[in-house]
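Visitor: I am new to this structure and would like to look closely at a single part of it. Could you take me through the sheet and the helices, step by step?

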Amino acid sequence: MAHEHYDGLTLFSGGLDSILATKVLQAQGLRVLGVHFVTPFFGAPDRLAHWQRTYDIPLQAIDAGQAFVDMLLAGPESGFGKVLNPCVDCKILLLQLAKQHMAAYSARFLATGEVLGQRPMSQRSDTLQAIRKKADVEDILVRPLSAQLLPPSAVEQQGIVNREHLLSVRGRGRKEQLRLAEQFGITEIPQPAGGCLLTEPESAKRYWPLLKRGHTPPASDFHLANLGRQFWADARWLCVGRNQSDNILLAETAAVDDFVFKLKDLPGPLALARPLPGAQWDETAIRSAAALTASFSSKARQHKEDILMLVSHQGHTRELAISLDWAQDLPWREPDWDDVDKSRLPGGW
Ligand code: SF4
């Protein structure tokens, strides 16, 4: 399919800085496409249509899930930030991916909303330059918000982007950005930062059991780790819905080899067990997972007799009569941030 032509692509996270960087370029009369990367850890493809309307910026979602997971598993060269966020390697990767998409749009430059001195590590001047170099985008990258504080980029030198109309925003404050937003008539201001699950211990702890195993789980496993309550018993993994919307998502996520647990006659959660390499899903494990699932149903807890569960696996569904006590036959545990030991990960120094 032939793509429309654009002068450049901006890395569009949906944050204020990425909106402003795009607006600054549009104000020069440049045609700019915002590319929005989606991984299990960040990205909101369902917001795209809203942003497009609200900010009058053409947008395109790009799935970067597997490339990001591969980077995470191989070990980010620059290590992690405070939590499990490999920010420097993330920026390098997204720039490399964006560069790969340029030809399809005949784009001649890339732009980011980075602001000099905004974040401690990844937006220092020397780090910005190192990222540019590593991503091999030295000749094509422009940072419209801080460009006047940085050496002129090749894109500016060649006159593709007019440097005189770029800005000199610096530091952590948002005052200047809010003033610019007003100037561009932007009334819906997105909340600062946030949105990356790798920066939040409460979310990032969910990935640790997958990461520590030393296997190479696909991106879809990390999507599953975001859903419901997570339980692990050694290598056995069970995700239990907390509400109706979790139950629907889990049902939609189920692959043919997964086990799906449901109460037959009582209201309660749906749960999904994904058999990973090395995990023993024998009858004891299946019964224990079924019992744990049922234990989250208040009706099942009041029930005096055995509880009937439906267990689906590889296209077959069978009935299983269980007792809630069987949940204790396996040492089910929820992931805990205190268990996370980054030094065990490649790149986790
Ligand atoms: S916070 Fe998340 S999305 Fe942002 S640079 Fe770091 S790893 Fe990437």
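Guide: What follows goes from the sheet to the helix packed on it, and then to a pair of helices. Please keep in mind that this is a predicted model. The sheet is an open one, formed by five strands in the order E3-E2-E1-E4-E5, and the pairing is parallel. Its edge strands are E3, covering 59–63, and E5, covering 141–142, each of which pairs on one side only. Further in, strand E1 (residues 8–11) and strand E2 (residues 32–38) pair in the parallel sense over four bridges, and within this pairing Thr10 stands opposite Gly34 in E2. Helix H4, made of residues 87–102, packs on the sheet, where it touches E1, E2 and E3 as well as strand E4 (109–111) and E5. The direction of H4 makes about 155 degrees with that of E1.

Turning to the pair of helices, the axes of H1 (residues 16–26) and H7 (residues 175–183) come within 10 Å and cross at roughly 50 degrees. Because of that angle, H1 counts as oblique to H7, and the crossing of these two helices is left-handed. On the H1 side, the residues that take part are Leu16, Asp17 and Leu20, and they meet Gln177, Leu178, Leu180 and Ala181 in H7.

Note on methods: Residues are numbered from 1 along each chain as its sequence is written. This is a predicted model: local features need pLDDT of at least 70, side-chain atom pairs count only at pLDDT 80 or more; totals for chains, interfaces and linings use all residues. Side-chain values use heavy atoms; hydrogens and water are left out. Axes are lines fitted to C-alpha atoms, for helices over the stretch in contact, and angles run from 0 to 180 degrees between N-to-C directions. Angles under 35 degrees count as roughly parallel, over 145 as roughly antiparallel, 65 to 115 as roughly perpendicular and the rest as oblique. A crossing is left-handed if the near helix is turned anticlockwise from the far one by less than a right angle, and right-handed if clockwise. Contact means heavy atoms within 4.5 Å. Two strands pair if DSSP finds at least two bridges between them.
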